[in-house]
Structures are given as C-alpha cells and as structure tokens.
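Here is a briefing on one protein model. Please read it alongside the sequence and the coordinates.

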Amino acid sequence: MYKRLSAILFPVATVLLIGALVWGYQENKEKNAILINAENQYQRAFHDLSYHMDRLHTELGNTLAVSSTSQGMHRKGLMNVWRITSEAQNEINQLPLGLLPFNKTEEFLSRISNFAYKTGVRDLTKEPLSENEVKTLKTLYTNSGEITKDLQSVQNKVIASGLRWMDVETALVSNNTQDNSIIDGFRTVDKKVEAYPELDWGPSVSSIYDRRSVKQLAGMPVSAEDVKRKAMKFADTDGSARLRVTQNGKGTDWSSYTVQVNQRQGHKISMDFTEKGGQLISYTKERNVGAKKVSVQEAIDKAQDFLAKKGYADMTAVSADQFDNMANFSFVREEDGVLIYPEKITVRSAMDNGEVLGFQASDFVYEHQIKREIPQPKLKLAQAKKTLNPEYNILYNRKALIKNDRNEDVLCYEFGGRINGSQYRIYINADTGLEETVEVVKDAQAGIR
C-alpha cells in the first residue's frame, strides 16, 4: 500500500516542485526585467536632464551674444530657452525625487520658463528687451552654468562608480540617505539655487507666483460669531439649525472660517469665509439628486436668480458643463456691456429641479478687489472682424476683458462662431487686432452666449 501511494505521490510532488521552481524563476526574471527597465528610464531621464541644462546655458549665451536690436534672434532664443526648460522640468518629474528637497531648483526652472515665454511672445519690435531683462538673462546664464557643472559632476560619479537610481529610490523611501552621491549632489544643487539672490522677473512673471492672501482683501478681521450670523443669513436658516464654526490656518495668509450647518430637514451645508472682511468663498449643500428634469437654460436662469438674491448682481453665464444629473456653470460680472472674465463665480446646480447646490467664488472675491478701468477700444468692431478667418461663421460678438499671457487685463472683442464643424470663441485684442486666445465650445454650452 505504501509503495503504491509513493509511486503515485512522488511523481506528483516532483512535478509540483519543478513547477514551483519554474514559476519562481519566471517571477524573478520578470521582476528583474521591471527593475532593469525602471533603472534604464531613470538613467535616461537623468542624462537627458544634464544635457538639457547644458543646452539651456548655451542658448542663454546665444541670446545674449547677438545685438540688442536683433529682435528676431531674441525671440528665437527665448522660445528655445522656454522649450529646453520645459523639457528639463519634464525630466526632473521622471526622477524619484519626490521625497528629496529639490523644489527650489524646480521653481527656478519654472520661473525661467515663464520669463522666457512671456518675454518672447510679446512684440519685441515695439517692446524690445529692457535693461533689467538683459541683466536677468546674464544672471540666468551664470546660474545655469553653475547648475550644469554640478549636475555633470554627479553624472561623472554615476558613470565612474556605476551608481544605480533604484538605490536612490530605496534610500529615500527608507529615509536612509547617508553616503549617497546622487542624493548629496542634488541637495548641493538645490542649496546653491536657494542661495541665489532674488531676480527681477518682471510683473508678468512675478504675478504668477504671488499667492492670494488675506492681506489683499478689504475690510477688518471678523470673529466666529460674525461668520455664524453671515452663514445663517446666506443659508436662509432659522435658530433651529445647528451651526459649528472652525477656524483654519490661524495667523497665516490663508486664514479662514468653515461653517457647518445642520438644517432641521436633514440637509447639511458647508461654507468657507475669509477671516479678513468675512467674505464667502465657497458654498456646498448636500442632498440626493434625482433624475434630470430641467433644461440647461432653466438651470442657468435659476442660478442667476440665486446669485442676484445673494448679492452678486450683473452676473452673466459664459460656460456650462453637464455631468449625469448635475451641471457646472461659470458666471462673470458684466459692466457697461463688457464681460469681466477674471471676476468669475462657478455654480453647481442639480438638474432635477435646478437648485444651486454649491458655488466657488474665490476668483470673484480676490479679483473684485482690483480697481480696474475698462478702456475704450481703439479698433472698431468692423475692423476686428476683418482679422478673422473668412470661413469663420460668426454667431455673436461682445466685448470682454480677459487676462493675456502676461497676466495683464486686455479688452477684446469676443466672437462666437463655427468653423470646421465645431464651435469656438475667438478673442481679438481691441487695440492691436491680434488673437489673444481661442476656446472650443462644448456641446453643453453651445447655446450659451
């Protein structure tokens, strides 16, 4: 009996053992293949980063080498700087540096990219490089040369010592970063960049990095009780509702209050207010939403009535985005027949009855503080129309104030129309006749003017 069982089980066990060994070998082989592929991608991204930093240094030098009157070469050089810097940023994102402080270098490259783009896209024949901009380019040329040398030093160590990026990833995850040449090299670069003196990037670039803070708002700081009264009034609730106020980021540039309202009907409402001035920046009402029963236009009308009742007058719907039984609408303030696009409020509506269930007003709150004057257009409407594609079928036109690539307010003629089977909005600068931007219009908002 024992011999009979052995004769059956031994071959089975042998087959299972061989199968396990083959499976283990295959798994190990596939794991090694994945690790080798990841290592190769890291190595390629790092060597490409070193190459593009060297190219960036060279391109900055080329831009500075030509005459101050060579606007064409300046434009070409700046566009090349922008392209190369964007590639370097992409390569940094491919490296396992998420846990390593390298943010100063990334921000430095981001500022170079924005500076080059915003300087290069303007009409340099009318507004050539200023003395400050040339000075900034010279400093960038010197700084990029130093960063290139440091990265090349790390690159030489990687090649000479056969260092692996997978070891960097393991060291960062385990927080054991001692005696790692790659990590030490990147830390050295970042500390050096952090020590660079602040450059004059110009207002168009600096504005991108200027954080919105309570310091920009008008009014005095409000208390939790003040916010509670504001919340009760906005939510149209009586004394039976339970309110809870939480202060966020006390003493910081983002200081605010969050108010939770539990209504008697069981609905929950959440609102965020700025501490300075007590301005409402967001509103959310929670409830189950049924099947769609109202049209987009009906929901827009209800949203517009809601905003008017809550103190946001002269708001016009400019876009719509439907998803299932909900819809998002963007409203902007209208003044003297001009749409002020920076002053935007986004409204979320339920499509079962059109009720507003939320809105985001941070853009409106901060942009409404700016004292902006609406200029008179230098071009007449007929002149602006002539700049459009002859095949563009214009459906409507109106005046609009938008932000250009340099983050400046510009007055435009907005032309809504169709071409190539799609609907677009084209914004023509009302002074120069140049296209400022083009937007495709989604089906959900095709009827919105």
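**Helix H9 and its surroundings**

Gly311 follows helix H9 and has a positive phi, near 100°. Helices (H or I, at least four residues) and strands (E, at least two) are DSSP runs, numbered from the N terminus. This is a predicted model: local features need pLDDT of at least 70, side-chain atom pairs count only at pLDDT 80 or more, and totals for chains, interfaces and linings use all residues. Residues are numbered from 1 along each chain as its sequence is written, and side-chain values use heavy atoms, with hydrogens and water left out.

- H9 covers residues 296-309.
- Its 14 residues should span 20 Å at 1.5 Å a residue, and the end C-alpha atoms are 20 Å apart, which agrees. The expected span is 1.5 Å times one less than the number of residues.
- Val296, Ala299, Ile300, Ala303, Phe306 and Leu307 are the buried residues of H9. Buried means under 20% relative accessible area, exposed over 50%, and partly exposed in between (1.4 Å probe, protein chains only).
- Seen down the axis of H9, the buried residues fall within an arc of 120°, so they line one face of the helix. The arc is that of the directions from the helix axis to the C-beta atoms.
- The cover over these buried residues includes helix H8 (224-234) and the strands E4 (280-286), E5 (315-323), E6 (326-335), E7 (338-350) and E8 (356-360). Contact means heavy atoms within 4.5 Å.

**Lys302 on H9**

- Lys302 sits in helix H9. It counts as partly exposed, at 44% relative accessibility.
- Not counting residues up to four places away in sequence, Lys302 touches Asn353 and Gly354.
- A polar atom of the Lys302 side chain lies 2.6 Å from the backbone oxygen of Asn353. A polar contact is a pair of N or O atoms within 3.5 Å; within protein, one must be able to donate a hydrogen and the other to accept it, and residues adjacent in sequence count only if both atoms are side-chain atoms.
- Lys302 and Ser349 are 47 residues apart along the chain, with their C-alpha atoms separated by 8.8 Å.

**Nonpolar cores**

- The largest nonpolar core has 35 residues. Such a core is a set of buried Ala, Val, Leu, Ile, Met, Phe, Trp, Tyr and Cys residues joined through side-chain atoms within 4.5 Å.
- H9 supplies the largest share of this core, six residues.
- Met271, Tyr312, Phe329, Phe331, Ile345 and Phe359 have the most contacts inside the core.
- Leaving aside neighbours within four places in sequence, the contacts of Ile345 include Leu307, Tyr312, Phe329, Phe331 and Phe359.
- Another core, of 31 residues, lies apart from this one, with Val81, Leu95, Ala116 and Leu140 among its members.

- Strand E10 (residues 409-419) is mostly covered, with nine of its 11 residues buried.
- E10 runs antiparallel to strand E9 (residues 393-403), joined by 10 bridges. Two strands pair if DSSP finds at least two bridges between them.
- Leu401 has Leu411 in E10 as its bridge partner.
- The E9 and E10 hairpin has five residues between the strands, and Asn407 takes a positive phi near 60°.
- Eight bridges pair E10 with strand E11 (residues 422-429), again in the antiparallel sense.
- Gly416 stands opposite Arg425 in E11.
- The hairpin of E10 and E11 has two residues between the strands, and Asn420 in the turn has a positive phi of about 55°.
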